[in-house]
Structures are given as C-alpha cells and as structure tokens.
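Trainee: I have a structure open that is new to me, and I'd like to go through it with you. Could you take me around it?

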Amino acid sequence: MARDYPNGLWIKCDNCGEILYKKTIEKNFFICSKCNYHFRISHKKYIEYLLDDGKLEEYDSDLETNDPLNFPQYKEKLIQAQKTLGIKDAYVYGLGKIDNIQIVFGAMEFGFIGGSMGTVVGEKVARSFRLATQLNIPIIIVCTSGGARMQEGIFSLMQVAKTSLEVGISDRKGIPYISILTNPCYAGVMASFASLGDIIIAEPGAMLGFTGPRVIEETIKQKLPEGFQKAEFLLTHGFVDLVVPRWDLRRTLIRLLNIIWRK
Ligand SMILES: [Zn+2]
C-alpha cells in the first residue's frame with residue numbers, strides 16, 4: 001500500500017517512488033500517473049467505479065464466522081477487521097447493474113485478513129453463483145486474496161472445492177461469469193473460482209498465482225522467467241484473456257456484457 005505522508009496530501013508510489021498529490025491520484029482511479037502502478041483499493045471503490053450509480057444491493061451482509069477451530073487470537077483479528085472495514089468478512093456480494101444490465105456482483109477485500117477465504121467467504125461466493133443461476137443473470141467478481149484462511153484450517157480448504165463446484169453448476173446453466181483479478185490474487189482463491197471465469201480480466205501489473213515465486217524457485221531449483229506471475233506474462237501465456245487498466249474496466253465490462261448478454 002502507498003505510504004501516507006503526515007499532512008495526508010501526498011503519497012509515495014510503491015513502484016517508482018514518485019511523490020504524488022493524493023487528490024490527483026484519487027481522480028486517476030488510484031493509478032500512478034508516472035509508472036501506471038495500480039494502488040490497491042478497497043472493495044467499496046470497485047463498487048463505486050464499476051456499478052451503475054456506484055450502487056450494490058448487498059446480500060448476506062450479516063453472515064460471520066463462528067471460529068470453528070477456536071483458533072488463538074482469531075476472534076480478536078476478526079473484531080479488529082470488522083471494526084476497521086465495516087464488513088463482517090472478506091467478501092461482499094449482491095445485485096447491481098452495469099449499463100442497466102442486472103448482474104450479481106461480488107468483490108473481495110484484501111484489507112480483511114489478507115482477503116483470505118474461510119467458511120464465510122466460501123459460502124457467500126457459493127451463494128453468489130446460486131443467485132445468478134436462480135435469476136438467470138451474469139456474475140462478475142473482483143478477486144484479490146492471499147489464499148485460504150489459515151485460522152479455519154481444513155474448513156477453508158473445503159471452500160476451494162465448494163466454490164469450484166458452484167461455478168461449474170452455474171456454468172452448465174449458461175450463466176456467464178467474468179472474473180477480474182487484482183493485485184495480489186493467490187493460492188486457494190486463485191486455485192478455485194478466481195481462475196474459473198468464462199472471461200478472465202486482470203489489472204496491469206497484478207501478481208497472480210498459486211504459490212509465490214520464491215517458494216517455486218526454491219522447490220524446482222530453477223530461476224523463473226522475467227515477469228513470472230504478472231498479469232501481462234499470464235496474458236501472453238493464455239491464462240488471462242484481457243489486461244485492462246482500472247480506468248477502462250467499467251467500459252470494458254459494458255462492452256462485454258452487451259456482446260454476451262444484451263437481449
Ligand atoms: Zn509510480
């Protein structure tokens with residue numbers, strides 16, 4: 001994340017080090033005007049940027065985990081994240097419109113315990129797909145995550161299978177699913193619904209993968225190619241369909257929805 005300067009007017013780009021005027025960056029969708037670095041933004045910003053009137057009719061906003069393993073310090077972490085972010089867990093979803101086309105829209109929040117997927121994220125993602133199928137409308141999810149939530153152990157890992165299953169069921173009913181991968185998106189989330197979109201869009205420079213490059217290099221004892229796990233690398237290798245700058249995301253979604261869905 002960008003480092004704030006004391007007076008709050010300036011922020012330093014994490015990538016190029018340029019000192020940037022905060023208001024200008026805000027107007028520029030939190031993209032560095034010098035190097036095109038996309039600062040991490042909250043799920044609220046994606047709702048604001050992508051949906052008509054920036055409006056989401058949220059579902060299941062009160063769903064929260066019961067800490068199934070009674071994991072040390074987990075409850076404190078949850079309370080802290082809930083207080084800071086005003087959400088119960090790392091994923092929100094509901095109904096919204098893009099260019100007046102009704103969709104199910106979901107977004108992950110990295111600020112909430114690294115956007116990790118535990119039982120609540122998994123359940124809400126599953127419900128998102130069921131809702132899209134029930135209403136026969138497209139679904140769009142903005143993904144960002146460090147992976148499965150350690151504090152819920154095997155219950156978290158089960159969500160990988162569960163969410164993938166739901167993607168498959170909705171897919172068979174002909175429900176289009178657009179996945180938007182933002183920085184970073186890793187591990188259990190990447191290995192399930194995030195990488196299963198009919199159309200996979202990534203933001204420029206986003207780091208996307210299963211395990212981090214250092215662990216892979218240590219395991220296979222080989223140097224990885226330049227740009228490995230970056231959105232652009234994955235585009236040239238066919239894993240990602242489009243790399244779209246944040247300022248152009250809404251327009252791209254409008255174009256895609258009008259091609260695949262407008263009746
Ligand atoms: Zn920069």
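This is a predicted model: local features need pLDDT of at least 70, side-chain atom pairs count only at pLDDT 80 or more; totals for chains, interfaces and linings use all residues.

Trainee: Okay, helix α2 then, which of its residues are buried?

Mentor: In α2, which covers residues 43-50, the buried residues are His43, Tyr46 and Leu50. Looking down the axis of α2, these buried residues fall within an arc of 55 degrees, so they line one face of the helix.

Trainee: Why would residues with that spacing point the same way?

Mentor: An α-helix has 3.6 residues a turn, so residues three or four places apart point the same way.

Trainee: Switching to α4 and α5, at what angle do they pack?

Mentor: Helix α4 (residues 119-135) and helix α5 (residues 153-172) pack at an angle of about 5 degrees, and their axes are 8 Å apart. That angle makes α4 roughly parallel to α5. The residues of this contact divide into eight nonpolar, six polar and three charged, and they include Val125 and Phe129 from α4 as well as Lys162 and Glu166 from α5.

Trainee: What about the largest nonpolar core, how many residues has it?

Mentor: It has 57 residues, and among those with the most contacts inside it are Ile139, Cys143 and Ile180. Helix α4 gives the most to this core, with seven residues.

Trainee: Which residues is Ile180 in contact with?

Mentor: Leaving aside neighbours within four places in sequence, Ile180 is in contact with Ile140, Ile141, Val142, Cys143, Ile201 and Leu249. Apart from that core lies another, of eight residues, including Ile11 and Phe30.

Trainee: Now the backbone: which peptide bond is cis?

Mentor: The bond from Asn183 to Pro184 is cis, with omega near -10 degrees, and Pro184 lies in strand β8 (residues 177-186). For background, most peptide bonds are trans, and most residues other than glycine have a negative phi.

Trainee: Which loop holds Asn70, and what is its phi?

Mentor: Asn70 is in the loop between β4 (57-59) and α3 (74-85), and its phi is positive, about 50 degrees, although it is not a glycine.

Trainee: Then Gln229, is it buried or exposed?

Mentor: Gln229 also has a positive phi, near 70 degrees, but it is buried, with 22 other C-beta atoms within 10 Å, whereas Asn70 is exposed, with 9.

Methods: Residues are numbered from 1 along each chain as its sequence is written. A residue is buried if 20 or more other C-beta atoms lie within 10 Å of its own, exposed if 12 or fewer, and partly exposed in between; C-beta atoms are placed from the backbone. Helices (H or I, at least four residues) and strands (E, at least two) are DSSP runs, numbered from the N terminus. The arc is that of the directions from the helix axis to the C-beta atoms. Axes are lines fitted to C-alpha atoms, for helices over the stretch in contact, and angles run from 0 to 180 degrees between N-to-C directions. Angles under 35 degrees count as roughly parallel, over 145 as roughly antiparallel, 65 to 115 as roughly perpendicular and the rest as oblique. Two residues are in contact if their C-beta atoms, placed from the backbone, lie within 7 Å. Ala, Val, Leu, Ile, Met, Phe, Trp, Tyr, Cys and Pro count as nonpolar, Asp, Glu, Lys and Arg as charged, and the others, Gly among them, as polar. A nonpolar core is a set of buried Ala, Val, Leu, Ile, Met, Phe, Trp, Tyr and Cys residues joined through C-beta atoms within 7 Å.
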